[in-house]
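User: I am new to this structure. Could you take me through its strands, step by step?

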Amino acid sequence: MTIDSLLKLAYGRLALQSDTAQLDAQLLLAHVLGVSTSYFFTWPEKVVSDSTNEQFNALLTRREQGEPIAYILGQQDFWTLSLETSKHTLIPRADTERLVEVALELQPNGVKRVLDLGTGTGAIALALAYEWPSADVVGIDFQAKAVALAQQNAVKNDIKNARFLKSNWFSALADEPLFDVIVSNPPYIDPDDQHLTQGDVRFEPITALVADDHGLADIKQIIDGALQHLIIGGWLMFEHGFDQAKAVQQLFSDKAFKDIATYQDLGGNDRVTVGRLT
């Protein structure tokens, strides 16, 4: 079977499962063949071996069952980085790049110290470390496997100014100097949210997704803890749900943060809220 005919069949198989069926199929076949997707436009009539076809079909079946592409391939691009992924961590998403953008906008000259709470793959910490090469960037996660993965991603992307620690939020940071910026993409989904049974999130670790108190419990805990770990004038920044901006703004205000603002993602949804400690 040729590449062109194989991909056409794959598009049909994935059409009901994925809004990006064509891209999904191309990425999976490129992974099996060890080529880039541009190869398919140059060699559409190249015949694929039976063994390659079998490998491709096995990956297609996993995608048909809803498993995210990032888990099947074991990698995901984020910012300028190529990150290894794991079922122990969330999949880095384009929406989260907005948090990186906001941090860079608010601190265009860089900062000395950055903390990323709930680092997962290390995506946010590594993106900021890349953009602020003179900063000391610390990423924490309560999962040892996530910490190890983030460290691997630092090595993979040759980023030397980021380090990762196992910590339950601020619990292991007592001896760390104060931070200029604290960023976090914490669990913020209500445990009863119907979206937890849909799409890619069905395969992601539930502890990285949900929080009590309508998704605000971890955000509250982080705001409280940040009071002891931010410099005066330092920024605290969250990614949150599209309908949580007002609640997060109020939580900031209750703790006397100033310059509180919310930023939208590419879809026009409220996505990032920030506050400055004064």
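User: In which sense do β4 and strand β5 pair?

Analyst: This is a predicted model. Five bridges link β4 to β5, residues 162-166. In one of the pairings, G139 has F164 in β5 as its bridge partner. The chain gets from β4 to β5 through helix α8 (residues 144-156), in a right-handed β-α-β crossover. The sense of the β4 and β5 pairing is parallel.

User: Through which helix does the chain cross from β3 to β4?

Analyst: The path from β3 to β4 is a β-α-β crossover, and it is right-handed. Its helix spans residues 123-131. That helix is α7.

User: How many of the six residues of strand β4 are buried?

Analyst: Buried here means under 20% relative accessible area. Strand β4 runs over residues 136-141 and is mostly covered. The number of its buried residues is five.

User: Which strand runs antiparallel to β7?

Analyst: Strand β6 (residues 179-184) joins β7 by five bridges, but these two run parallel. There, I182 has L236 as its partner. Five bridges also join β7 to a strand at residues 270-277, running antiparallel. In that strand, T273 is the bridge partner of F238. The antiparallel strand is β9.

How values were computed. Residues numbered from 1 in each chain as written. Predicted model: local features only at pLDDT ≥ 70, side-chain atom pairs only at ≥ 80, totals over all residues. Heavy atoms only, no water. Buried < 20%, exposed > 50% of the residue type's maximum accessible area, 1.4 Å probe, protein only. Helix = DSSP H or I, 4+ residues; strand = E, 2+ residues; numbered from the N terminus. Right-handed = clockwise from strand over helix to strand, strands pointing away. Pairing = 2+ DSSP bridges.
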